[in-house]
Amino acid sequence: MSLQTTAAGLPQEVAELGPWFHNLRLPGGVQTAPEHPLGDFPSYKWAEIAGSLPADLTGKRALDIGCNAGFYTFELAKRGADVLGIDHDPHFLRQARWASEQLGVADRVELRRLDVYDLARLDETFDVVIFMGVLYHLRYPLLGLDLVAEKVRGTLVLQTLTRPQTEVRDVPPDLPFDERHELADPAWPSMAFIEHRLADDPTNWWAPSPAAVDAMVRSTGLRVVDRPGHEIWICERERDSAHRGEVDRATGRT
Ligand SMILES: C[S@@+](CC[C@H](N)C(=O)[O-])C[C@H]1O[C@@H](n2cnc3c(N)ncnc32)[C@H](O)[C@@H]1O
């Protein structure tokens, strides 16, 4: 790759495509966000989930939701999967398209400008679904998670910002009306609503507690099979969704 560098030392094309949220390592030792405030992001997150997915994904179909510049999309493609990466932001999709060429995986990667809610009309299921860093950006998180779960025929990797919760408790199969004080228990599965900003980001709407993530996953028809890292859930299908009718009505699908 012959890339001219800018005064800041970044290759010209990398600088022109910036700002970058993903630090991609490109041929020739080029990195897209070497000064990332979160560190070597998301390489260290990938290290936490890499062992939860098959090393050989040849013949498998994968979906990366909120793919950003394509870090996870490319890792799955390097393992042999055919990957559909979707994001609603054309800025990030431009980066991902360019990087897929640089990394030589463009033939196994399709990138489409789609919203999470557009999954309602995507008529396909996937062996691997990556849904990392998106749930808390949705104003309608359970609708989004129901739609994501519909796409899972194999493994879902879910990552979300959470509301800190140290206590755990059993939840009764039915809570009597006059025992609603139980809902104020800090261990009850719950989501904190963020009316204004969290980390100066107006699109951070919800911070679910870990117990709420567990419960929401179960409620979609999936089950949690592993927790390989902080705020990461590995899930598989347990049963069909019981909420298809409501999802249809919410998305105008029928
Ligand atoms: C915090 S970044 C996470 C990127 C990547 N998944 C990761 O974990 O490193 C959120 C990404 O999701 C995308 N996104 C947010 N809301 C979305 C939505 N409703 N539909 C599709 N993409 C969305 C953003 O454009 C952004 O690329």
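1. Start with glutamate 182. In this predicted model, glutamate 182 is partly exposed, at 24% relative accessibility. Its salt-bridge partner is arginine 169, and the closest N and O atoms are 2.6 Å apart. The pair links distant parts of the chain, 13 residues apart. Both glutamate 182 and arginine 169 sit in the loop between β7 (152–159) and β8 (191–193). Arginine 169 is also partly exposed, with 25% relative accessibility.

2. Turn next to arginine 253. Which residue does arginine 253 form a salt bridge with? The partner is aspartate 248, with the closest N and O atoms 2.6 Å apart. Aspartate 248 has a relative accessible area of 12%. Buried means under 20%, so aspartate 248 counts as buried.

3. Salt bridges link Arg61, Glu110, Arg112 and Glu124. How many salt bridges does a search of the whole structure find? The count is 15.

4. Now the helices. Helix α4 covers residues 90–102, 13 residues in all. From the first C-alpha to the last, α4 reaches 19 Å. That is close to the 18 Å expected at 1.5 Å a residue.

5. Which residues of α4 are buried? They are Phe92, Leu93, Gln95, Ala96, Trp98, Ala99 and Ser100. The cover over these buried residues includes helices α1 (12–17) and α3 (71–78). Strands β1 (25–26), β4 (82–87) and β5 (109–113) are also among the elements that cover them.

6. Look also at how α5 meets α7. Two packed helices are described by the angle and the distance between their axes. Helix α5 spans residues 141–150, and helix α7 spans residues 244–251. Their axes come within 11 Å and cross at roughly 115°. The crossing of α5 past α7 is left-handed.

7. Which residues make the contact between α5 and α7? From α5 come Leu143, Asp146, Leu147 and Glu150. From α7 come Arg244, Val247, Ala250 and Thr251. The residues of this contact divide into four nonpolar, one polar and three charged.

Definitions and conventions: Residues numbered from 1 in each chain as written. Predicted model: local features only at pLDDT ≥ 70, side-chain atom pairs only at ≥ 80, totals over all residues. Heavy atoms only, no water. Axes fitted to C-alpha atoms, helices over the stretch in contact; angles between N-to-C directions. Helix = DSSP H or I, 4+ residues; strand = E, 2+ residues; numbered from the N terminus. Left-handed = near helix turned anticlockwise from the far one by under 90°. Contact = heavy atoms within 4.5 Å. Nonpolar A, V, L, I, M, F, W, Y, C, P; charged D, E, K, R; others polar. Salt bridge = Lys/Arg side-chain N within 4 Å of Asp/Glu carboxyl O. Buried < 20%, exposed > 50% of the residue type's maximum accessible area, 1.4 Å probe, protein only. Expected span 1.5 Å × (residues − 1).
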